[in-house]
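Welcome! Here is a short briefing to read alongside the structure below.

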Amino acid sequence: MRLRRADDSEPSPEQSVPARPALEPAGALYVDSADTLIRGPWTHRFIAANGARFHVAEAGEGPLVLLLHGFPQFWWSWRHQLTALADAGYRAVAMDLRGYGASDKPPRGYDTMTSATDVAGVIKALGEVEAVIVGQDWGGWLAWSMPGLAPQQTRAVAALSMGHPLVMRRALTRNPRQRRAWRRVLEFQMPMRPERRLAREDLVGDVLRDWSGPGGFPDEESLDVYRRAIRVPFVAHSAMEYFRWAFRSVPRRDGRRFSTSVNEPITVPTLSLHGEEDPFVLLPSILASHRQVTGPLNFELVPGAGHFLPEEAPERVTQALLEWLKSL
């Protein structure tokens, strides 16, 4: 039975909902998905798509730019770009991926094909035909995959801090440095232990600190927000399921089908942003990913930044996105 606070009514799909002013301290006993609806100059909505309910934070009007977060985060990682894109004349929508934040957390569906169908369904549920897909980390993996898995809904893609899925898979077998950089992800394949470390220890803080650059991220506010968000029921397990599918599917039929689908040349306009100090996804993996693109490609290496570009270098990321969007 789900506990519910007196002010925690269940919103229906496509209903705008009031935002909570801020997350409670990370040490609080109970964490609810409604606590991730942080107040700001955006509107929180719930949208039905692909048989599930997804939370989005939306700001502005104009061409749709859909923002996809990574691990161990949720929609809030795009807070700086949401407002800047809206001010520049775009409809900016930051989505909680399946299993994160205030989106549904079903027991299955964490493969990339289902994620792409989720994203395509959200685009259509928003009343749009297509969108510019912008993703960081796991969202970047999905952004690279969208032209092959949902081409009709993909106008252009921007991938931050992540290489193309097929390139990353090859790098793990052929590049010892990239394999060492992903040693924590290899540990995520263990059952239950990563979930316990996420929910009961400070694995979130370890990841945010270890994968960021020297510029001061994460601050205490960000640490508290992400520590609490990962403790929303089922989020820790859902987050691990993305990584487990990415590894375990390689020899399976669904993994081979995915590889075939995303192996087509990417012809839509593509932006690649990478932090110069990123210790998790190494620069050779990014440069090799660019060979998958036959359409217009823009690449920028962000000095001094690590893996979490939208928060480590918000102004530079926003500027790069706006300059690229104007060229589409």
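Contact here means heavy atoms within 4.5 Å. Helices (H or I, at least four residues) and strands (E, at least two) are DSSP runs, numbered from the N terminus. This is a predicted model, in which local features need pLDDT of at least 70, side-chain atom pairs count only at pLDDT 80 or more, and totals for chains, interfaces and linings use all residues. Residues are numbered from 1 along each chain as its sequence is written, and side-chain values use heavy atoms, leaving out hydrogens and water.

**The whole chain**

- The protein chain holds 14 helices and nine strands.
- Its C-alpha trace spans about 55 × 45 × 40 Å along the principal axes.
- Of the 328 residues in the protein chain, 60% are buried (under 20% relative accessible area with a 1.4 Å probe, protein chains only; exposed is over 50%, and partly exposed lies in between).
- Among contacts between residues at least 6 apart in sequence, 74% join residues at least 24 apart.

**Helix 7**

- Helix 7 covers residues 193-200, and its buried residues are Pro194, Glu195, Arg197 and Leu198.
- Seen down the helix axis, these buried residues fall within an arc of 165° (taken from the directions from the axis to the C-beta atoms), so they line one face of helix 7.
- They pack against helix 6 (183-187), helix 8 (203-211), helix 9 (220-230) and helix 10 (235-248).

**Helix 3**

- Helix 3 is mostly covered, with 10 of its 12 residues buried.
- Among those buried residues are Trp138, Trp141 and Trp144.
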